[in-house]
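Dear colleague,

Please find below the structure that I am handing over to you. My notes on it follow directly after.

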Amino acid sequence: METDPQLCSTVPVNLKCEELKSALLPSPACLSHWLWLSQDQLLCVFHSGSSHLCHILVDDECATVGWTMPLDEPVLTLTQKTGSSGALIQLSSGTVLDFQDSLSPSFTLPEPCVSVRSMGQHIITRAHNNRLYVDRELIADNITSFYCLPHFLVMTSSSHELYVTSAELGFKVEKESGTNTARRLERGATMVVAMDHSVVLQLPRGNLETVEPRALTLVTAGKLLDMGEFKAVAQLLRRQRINLNLCVDHNPSAFLLSVHRFVAQVHDPQWLSVFLAELTEEDVTRTIYSGFYKQMVARGPPLADKVVRVCTALREAMTQSNENQDFYLQPILSTYVRAGHVGEAISLADSDQALSYLALLIDTDKLYEEALGVYNLQKALKIAGKSLKDPKEYVPYLTKLQQMDPAYMRFTIDKRLRKPQSALRNLVQCKDRTEECIQFVKSSGLYTLALELFKDQPEEYKQICLLYGDHLLNKQLYEEAGLMYQRGGDVDKAITALTRAGSLLQCLTLAAKQNFSEEALVEFHLALLSALLNQEKHSEAAELHSLMGKHEEAVSCLVEGRLWSRAIFLCHQHKQPQLVESLVKPVLLESQSRSVMDIRAKVADMEKHSTRLLIVREQQANPDRNFDALSDIQSDTSSLSSFSTSSGGTRSTKNTRKAQRKLWSLKEGNPREEQALLYTITELIQNTERLTSDVRTTCLALAELGLDTEAGTLQSAMTAALEKIQQIRHSVWPGSTAKKTGSDADAIDPTLTDMQLKFPPTSCISATWRLDIYS
């Protein structure tokens, strides 16, 4: 029942000021602009010819006028300063006085204002023409009302919108600026008051309406989370349709420490299930609501494995609660499902109601597969009955599984669900299905696991080894295949594989074990020798020749592999120094001659291309080009452009290679002639520098045989080449000291090479190639 408002108490006023006493006698209405400074202090203004500021002390017995102070101008507004017992007094001229035990001028507003508010260190004012000022700076010119909260400024505009902004955003009035949210209002709505996360508006009809802006709601939710009021914040977030992940993301570590309190406060299983359904790995404070969390600079990294960790913590809290086992069954099932442990959820679901709940969380077909995955045929049957599956299909299949041996049933299910490792482990347990197991290993390729499972069964282990050897042989892993064949007991296959691998010592070891006849041994040696030479393993081939007693052939192998010092050693080791003159020295001199010619040819090519490069660059720098040459270049460029823009699927590989060769052609007039010349010069420089290690080896062998003249000639040729390379580096890449990064380009890739060619190539010179005796 409504009652009329009543006056609780009155106190007499003790007027010490005679001027005030005489002014109140004719009209008490001369008092205005009342302001509570504190619990026992009032401030007001009275008018008696001029304006006076009046200070009143109030206690339980009476109100005493302490003092009055004359003012030079009429007072427009009287406002309390935030967080203090002071006040801001605006005079009619716009001057603002600061009252703190005494009056002192503070500042002057750009124009007289109808509203003045204090917000921390900021002064917010609004003029009669709807201009809004913050610290005397114009922020907006369409604000009809505003209200200051501790961290936010709430405003209504003449465009019929509600704005929420903050000092962190510079009090900007925009629709898209982080925490500044705009909300459409009814025409003519003005603000009455704002508190917590609610704003009370007065509509033109006179009725009041309460709205809850998102920015204020999130601030309130953050405060509730900091206080651990989880039930209140859950109600607020659900009512405002705010993502429930905010409960975790606001302060993940604090939430994980408070999960028992969270469960106890929320208590409702349905609410917990809704919360778990919305849980994602996304950190909403960094995505959806990032604008509202910008001020939180010292935030830690996002919570790793958020869904799994939160689900595990909530499940433990619900399991340890005092409620009976079935009270939190649904949210516990949700924690298993969201954490990816569907099988455990199925095992826990003992009733049709629980299975029906799981069918809501997961597609029934997938749930059916998961039930099979935990080998629970009864629950699989119930779940299939809730799906759209045809009973004529799943009932016979489940019946057939029911009649199988348990291990073979698990194998059959795992094979259907494509779990080959689990399937193999179950099939191994079926003692009477060895052949099928071996065939499954072969089809699935799980040889390593099979070797582990069959390590206590010698016969089956050898069969797996032989199959694994065949598999490795097909992959051209000959050495590993040989090892598997050895374990499988097939020495012939092992020797064949190791021979193809060129594993000399392993092959010889197996041959010794086999006790080959002389003819078979010779045949084996020849096959092994051929494999070694095909793989250019000259050192191993020479060793095999030596074992066969063919020392001359061994020296020839070493000479062919340019292993000069070892060839000379082998000649003297077997007391055949004549082989040095007949086999080593002629080939060594021929190699020296070819090396000198090759080095000089490379230098000549470098000089020719570098000279041409300078001409090309000069032509490109000269704007007066020959018209015909320009036409040829444009024609080539057009054809090149048509290649680069055409679809790769419409050109054959042959045409692609042809176009690539044209791209790097050294033909004069090629539009990419400069890049082609740079690429060629780079290759020539690196190929020449790589010869330094081979030059050193050859010079050492020549010196050992006393051929100083030939050795000096070879080293002098390489020294001259390197000096020329240094000159070419400076002329081709003038002023550039940077080196190309990355590996040397073997294939021509224009997108990568053009960038690399801007820098000189990386040096490939062996650090100790030069012999001082020939310097």
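In this predicted model, Asp363 is partly exposed, with a relative accessible area of 49%; the cut-off for exposed is over 50%. Asp363 belongs to the loop that lies between helix H11 (352-361) and helix H12 (364-373). Its C-alpha atom is separated by 8.8 Å from that of Ser387, a residue 24 positions apart from Asp363 along the chain.

The next point concerns helix H6, which spans residues 259-266. Its residues Val259, Phe262, Val263 and Val266 are buried. Viewed down the axis of H6, these buried residues fall within an arc of 95°, so they line one face of the helix. In general, an α-helix has 3.6 residues a turn, so residues three or four places apart point the same way. The partners against which the buried residues of H6 pack are helix H3 (230-239), helix H5 (252-257), helix H7 (269-278) and helix H8 (306-319). After H6 comes His267, which has a positive phi, near 65°.

Finally, I turn to a pair of helices. Helix H25 (residues 551-560) packs with helix H26 (residues 564-573) at an angle of about 165°, and their axes are 8 Å apart. Since angles over 145 degrees count as roughly antiparallel, H25 and H26 are therefore roughly antiparallel to each other. Their crossing is left-handed. On the H25 side, the contact is formed by Ala554, Val555, Leu558 and Val559, which meet Trp564, Arg566, Ala567, Leu570 and Cys571 of H26. The residues of this contact comprise 8 nonpolar, no polar and 1 charged.

With kind regards

How values were computed: Residues are numbered from 1 along each chain as its sequence is written. This is a predicted model: local features need pLDDT of at least 70, side-chain atom pairs count only at pLDDT 80 or more; totals for chains, interfaces and linings use all residues. Side-chain values use heavy atoms; hydrogens and water are left out. Axes are lines fitted to C-alpha atoms, for helices over the stretch in contact, and angles run from 0 to 180 degrees between N-to-C directions. Helices (H or I, at least four residues) and strands (E, at least two) are DSSP runs, numbered from the N terminus. Angles under 35 degrees count as roughly parallel, over 145 as roughly antiparallel, 65 to 115 as roughly perpendicular and the rest as oblique. A crossing is left-handed if the near helix is turned anticlockwise from the far one by less than a right angle, and right-handed if clockwise. Contact means heavy atoms within 4.5 Å. Ala, Val, Leu, Ile, Met, Phe, Trp, Tyr, Cys and Pro count as nonpolar, Asp, Glu, Lys and Arg as charged, and the others, Gly among them, as polar. Buried means under 20% relative accessible area, exposed over 50%, partly exposed in between (1.4 Å probe, protein chains only). The arc is that of the directions from the helix axis to the C-beta atoms.
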